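Here are my notes after going through the model you sent.

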Amino acid sequence: MSTRVNPASQDDLIPHAISQRLQQLPARAIGLSPELPQLDLSQAASATAALDPLPLDDRSAGRRSHPLGKNKHRVIHTADGPVWTCGNAVMCGCPDCEAPVSVRLWLMIADCWNCGVSIELSYEQQQAAMQLAEEIGAADAVSTRPADLIQPPRAARMDGPDWPEQPIGDTDVSDDSRARLIDILRKSMSTMPAWVVSMLVHLALLLILALILLPQSEYFDSITISTAVSPEDTEGGVTFDYDPDDPLEYDSPTPLNRQEIERELREVQVRADQDARELLVDPEPVAPRPDLRRVVDEVTARASPYSVATRDPRLRNEMVRREGGTTLTEAAVSRGLRWLASVQNRDGSWSLSKYWNHDGPDNKGDAAATSLALLPFLGASQTHEHGRYKVTVTRGLKWLIDHQESDGDLRYGITSEAGMYAHGQASLVLVEALAMTGDERFREPAQKAIQFIERAQHKHGGWRYRPGNAGDTSVVGWQLMALQSARGSHTGLEVDDATLKLADYFLDLTSRPYQVQKWRTAPAGALYRYLPADGRPRAAMTAEAMLCRMYLGWRRDDPRMMYAVNWLLNNALPDEDNMNLYYYYYATQVMHHYGGRPWKIWNRHLRDLLVVKQQRGGKYPGSWNPKEFQWGNSGGRVYVTALAVCTLEVYYRHLPIFKQLDLD
């Protein structure tokens, strides 16, 4: 800074060289917005003087009166550049960019806001700054500085601190030594940027706080837990001793004891096993069972597509194991039969609507409830000759036969839409009782019931609510199952083949091609509607019709059957949010007969769902709640319980059509 100005004429203004430098800097470098007019630097002194809150001649405020009176700016020129005042601040110029900067009086350094250079004042500049500080009343900022701290400069920039010639001891530190130490620290810090100094100070404070606040560690005898596998013991880790008598406390609930869980599971398994064994025990058989070798030969030789030989209790466990059942499914069957037996009316019938009044002497049953209730008993090999429910089954069969009309009609006065449903189900009961026991007392009632079905058929091959009505797929399914059962072994019943062919034709009418997607159409014979004129196929009707097609002779590799099975799996798997037991009853039989992967998928979804939904306690233990199923409110508790039990008996209720069994 070699430029010199006349002090007499420039004492009241910012130095001329600094003024020129400020004019050359861009607006943003001096903190001005480019949209605002720049400040006239020639008026800087007067503008700054107007901002001083206290008059300098106010001695009562403890400040020295300025020797220039109202003029508050004075410049002292040195060989290294001018030092001047601006309000209550002492300023100097940056040696690199000539920008005006404020001097930190207690360190006698300055940081340039424009180029970032850290500036140490020269000896003359320090003296000038001290003088100006006293004149403007800022001498307090440097009052603690010893006079010997202002040293003549060794160079324009500091190369490093001067270390004292004598080492500083722990005691008897002289004022000279202390002053020299402070000077060394000041000069060391003056070469650092302000943010580095601040960071070091704060870091030192944090370390001191950490040493004060952190508790001392306590060490205990320990064992070592290591991720390295070694036969030798090694030291490491920290553990602590504990009193085994003190109870452990957890923030979260304590998990169940493993032994307790195993005990509960064992109890559940034991109860299920006991319930399942009820169906295998026959305390007082009325007639001897057929020879076991003959039963096995019938099963393995596939003598009939509608064989009931697999219901034999001597084959039951193996069939359940082979076909995907469990002890829990067998226990559910046993509990369901126990509840159905408990709500049988005194006259041997069951009632769909008044099952809760079964003890009433005048409570009358109906053919639909009685037939539905008897089907699961027969499916579990409970007949009037064998099983623990012989009396229950005997009374129910007797009620059906006693209420059959002379023309074979088993509807017993039902004139509603349930009429032909009830007749088809009752006919199936009589035919199965004949096939399972060979008791000739069932032959004539069963034959008459079959002939009534044949006469009730519509000319287009269907059946509906009343004899002669145009058919719907739902009623057709029950009639065809009764006809196919009559064609099975050990019955000797006569069935008109023309009736079956006409029924097959009706199924064709309900299975037109259907456009599943814009680019894909289901073939005729794959998906089925409730009525021929319906536009949309339904899952329940497709399952019911496909079961009929299986018994009418369709092969497993038929493309239409393969399409239907895949469509049911992809669109109507058992779902807890949309349960339909009528659909489950038919679809489960279809999947079981089809076998393979579709059966495994279906069984996995359905089996546990039905077991879980069975009621274990309350007023109706062993039954299923009709409110949880579609059409449940219409059929009632007897209806849903009977269908659920029949569905869980699928593992042995009928011989698989497309699979060869090899029994041990």
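Accessible areas here come from the Shrake-Rupley method with a 1.4 Å probe, and for residues only the protein chains shown count as cover. Keep in mind that this is a predicted model.

1. The overall numbers. By that method the chain exposes about 35,500 Å², and carbon and sulfur atoms supply 52% of that area. The chain runs to 664 residues, of which 48% count as buried. Its secondary structure comes to 22 helices and 8 strands. Taking contacts between residues at least 6 apart in sequence, 64% of them join residues at least 24 apart.

2. The cysteine pair. How many disulfides does a search of the whole structure find? The count is 0. The pair I'd look at here is Cys 97 and Cys 112. For Cys 97, the closest cysteine sulfur is the one in Cys 112, at 3.5 Å, and that is too far for a bond, because a disulfide needs the two sulfur atoms within 2.5 Å.

3. Where does Glu 98 sit? Its place is the loop between strand 3 (89–93) and strand 4 (100–102). With 37% relative accessibility, Glu 98 counts as partly exposed.

4. A nonpolar patch on the surface. Val 201, Leu 205, Ile 208 and Ile 212 together make a nonpolar surface patch of about 370 Å². Of these, I checked Ile 212 individually. Ile 212 belongs to helix 6, which covers residues 194–213, and at 60% relative accessibility it counts as exposed.

5. Is Ala 272 buried or exposed? Ala 272 counts as buried, since its relative accessibility is 0%. The residue lies in helix 7 (residues 258–277). Setting aside neighbours within four places in sequence, Ala 272 is in contact with Thr 327, Leu 328, Ala 331 and Arg 335. Thr 327 is 55 residues away along the chain, yet the C-alpha atoms of Ala 272 and Thr 327 are separated by 6.3 Å.

6. Asn 580. This one sits in the loop between helix 18 (559–571) and helix 19 (581–594). Asn 580 is buried, with a relative accessible area of 10%. What does its side chain reach? The side chain of Asn 580 comes to 3.1 Å from the backbone nitrogen of Tyr 582. Not counting residues up to four places away in sequence, Asn 580 touches Gln 630 and Trp 631.

7. Trp 631, which Asn 580 touches, has a positive phi of about 65 degrees although it is not a glycine. Trp 631 is placed in the loop between helix 20 (596–613) and helix 21 (632–648). At 57% relative accessibility Trp 631 counts as exposed, whereas Asn 580 is buried.

Technical notes. Residues are numbered from 1 along each chain as its sequence is written. This is a predicted model: local features need pLDDT of at least 70, side-chain atom pairs count only at pLDDT 80 or more; totals for chains, interfaces and linings use all residues. Side-chain values use heavy atoms; hydrogens and water are left out. Patches are made of residues with over 30% relative accessible area and no salt bridge: like charges are joined within 9 Å, nonpolar side chains (Val, Leu, Ile, Met, Phe, Trp, Tyr) within 5 Å. A salt bridge is a side-chain nitrogen of Lys or Arg within 4 Å of a carboxyl oxygen of Asp or Glu. Helices (H or I, at least four residues) and strands (E, at least two) are DSSP runs, numbered from the N terminus. Buried means under 20% relative accessible area, exposed over 50%, partly exposed in between (1.4 Å probe, protein chains only). A polar contact is a pair of N or O atoms within 3.5 Å; within protein, one must be able to donate a hydrogen and the other to accept it, and residues adjacent in sequence count only if both atoms are side-chain atoms. Contact means heavy atoms within 4.5 Å.
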